[in-house]
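Here is a short briefing on one protein model. Look at the structure first, then read the points below.

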Amino acid sequence: MNDSSTRPRPAGIFTLAGRPAARVGYGMGQLTRKSESAENYTGAIALLRHALDLGINHFDTAQFYGNGLANRLLRDALGGHREEILIATKAGAAPVPGAPIPLTAAQKPHELRAAIEANLATLETDWIDVVNLRRMDYRPGLIADGDQIVPFEDQLAEMITLRDEGKILGIGLSHITAEQLRVALPAGITCVQNIYNMLDRSFEPLLDESRERNIAWVPYFPLGGGGYAGLPKVTDDPTVQDVAERLDATATQVGLAWQLTHAPNTMLIPGTSSIEHLKENIAAGDITLDHDTMRTLDRVTSSQNDPTRNPV
Ligand SMILES: NC(=O)c1ccc[n+]([C@@H]2O[C@H](COP(=O)([O-])OP(=O)(O)OC[C@H]3O[C@@H](n4cnc5c(N)ncnc54)[C@H](OP(=O)(O)O)[C@@H]3O)[C@@H](O)[C@H]2O)c1
């Protein structure tokens with residue numbers, strides 16, 4: 001698999017599953033929620049092609065985003081560029097179409113395999129660059145119970161087998177603890193995807209550990225989830241807004257630029273359904289935050305920070 005493109009990569013590159021990926025990528029979660037009509041589907045396809053034209057080559061998806069809709073969008077928009085893009089997906093949940101929460105835990109090893117097979121089929125690809133093993137040990141999100149409480153080691157063994165079979169190139173871990181990362185290290189871990197943004201730094205120790213080991217840190221809800229999950233939005237913070245005004249940037253850009261500057265292994269996957277927002281997010285990679293501004297932003301915190309999320 002060669003990346004033959006000479007497109008400039010937003011915010012430069014970091015290595016993911018052995019391949020160079022733009023540090024500003026794209027997350028499919030929100031787009032899927034807004035793309036169910038045929039008209040919106042066409043708009044979403046255009047947005048994804050625009051993202052590629054602007055240098056984004058890392059797309060984060062899941063079969064359970066819209067019961068395959070996110071993967072169909074990726075296939076239809078970018079299937080002709082499969083060698084150029086990196087697709088990261090998730091295993092650990094299965095779609096439940098029409099349910100108020102349209103997914104359920106699917107943590108057992110054979111369910112991880114089924115999730116990966118479903119992704120391969122919908123994406124119409126022979127390989128997936130990264131699969132994040134999505135655990136369900138704490139909130140936000142579903143918590144595994146009953147026979148869905150599965151030993152981490154058993155899941156990891158199945159992921160390694162899937163990698164040996166060539167179905168996946170890299171193993172990622174999502175919604176994990178620092179202890180789980182340490183257990184998984186001998187397997188070779190490509191990335192960690194936990195909730196993290198300027199207002200929620202519960203996982204700072206896990207970020208530190210990933211940085212020390214040169215493992216990509218791919219925070220989910222990098223802007224706070226856009227209000228969708230009821231979490232505070234980075235863009236509502238008055239300090240972020242002040243800095244944005246001073247730099248003639250937007251609050252979103254300040255929130256993203258802070259993450260890129262804070263840790264060199266950070267790879268962002270903000271989700272957006274707007275081409276203007278997409279361009280803005282890409283341009284965040286060009287913003288320089290000086291030392292004093294970084295210290296000011298470092299002091300921004302939220303009362304929602306939850307240290308119990310990360311039982312190190
Ligand atoms: N592993 C996991 O458990 C997990 C969980 C959740 C999400 N994820 C992944 O993480 C990705 C990112 O999370 P997310 O998309 O839910 O949350 P997010 O990136 O924190 O926030 C997305 C929200 O921000 C808005 N937004 C984006 N760019 C903007 C801009 N420049 N100006 C103003 N508003 C802007 C979007 O609205 P507009 O459409 O209006 O721009 C959207 O509502 C997801 O797409 C998904 O791939 C993973």
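## Around the ligand

The residues of the shell around the ligand divide into eight nonpolar, 16 polar and four charged. Here Ala, Val, Leu, Ile, Met, Phe, Trp, Tyr, Cys and Pro count as nonpolar, Asp, Glu, Lys and Arg as charged, and the others, Gly among them, as polar. This is a predicted model: local features need pLDDT of at least 70, side-chain atom pairs count only at pLDDT 80 or more, and totals for chains, interfaces and linings use all residues. Residues are numbered from 1 along each chain as its sequence is written.

- The ligand is surrounded by 28 residues, and the closest are Gly27, Gly29, Gly226, Gly271 and Thr272. A residue is near a molecule if its C-beta atom, placed from the backbone, lies within 6 Å of it.
- The elements giving two or more residues to this shell are α1 (29–33) and α10 (275–283). Helices (H or I, at least four residues) and strands (E, at least two) are DSSP runs, numbered from the N terminus.
- The most comes from α10, with three residues.

## The open sheet

- Seven strands form an open sheet with parallel pairing, in the order β3-β4-β5-β8-β9-β10-β11. Two strands pair if DSSP finds at least two bridges between them.
- β3 (26–27) and β11 (216–217) stand at the edges with a single partner strand each, so one side of each has no neighbour in the sheet.
- Strands β4 (residues 58–60) and β5 (residues 86–91) run parallel and are joined by three bridges. Asp60 has Ala88 in β5 as its bridge partner.
- Helix α5 (residues 152–164) packs on the sheet and touches β8 (128–134) and β9 (168–174). The direction of α5 makes about 155° with that of β9. Axes are lines fitted to C-alpha atoms, for helices over the stretch in contact, and angles run from 0 to 180 degrees between N-to-C directions.

## The hairpin

- Four bridges join β1 (residues 13–16) to β2 (residues 19–22), and the two strands run antiparallel.
- Phe14 stands opposite Ala21 in β2.
- The hairpin has two residues between its strands, and Ala17 takes a positive phi near 50°.

- Ile143 lies in the loop between β8 and α5.
- Ile143 counts as partly exposed because it has 13 C-beta neighbours inside 10 Å. A residue is buried if 20 or more other C-beta atoms, placed from the backbone, lie within 10 Å of its own, exposed if 12 or fewer, and partly exposed in between.
- Leaving aside neighbours within four places in sequence, Ile143 is in contact (C-beta atoms, placed from the backbone, within 7 Å) with Met136 and Tyr138.

Key. Contact = placed C-beta atoms within 7 Å.
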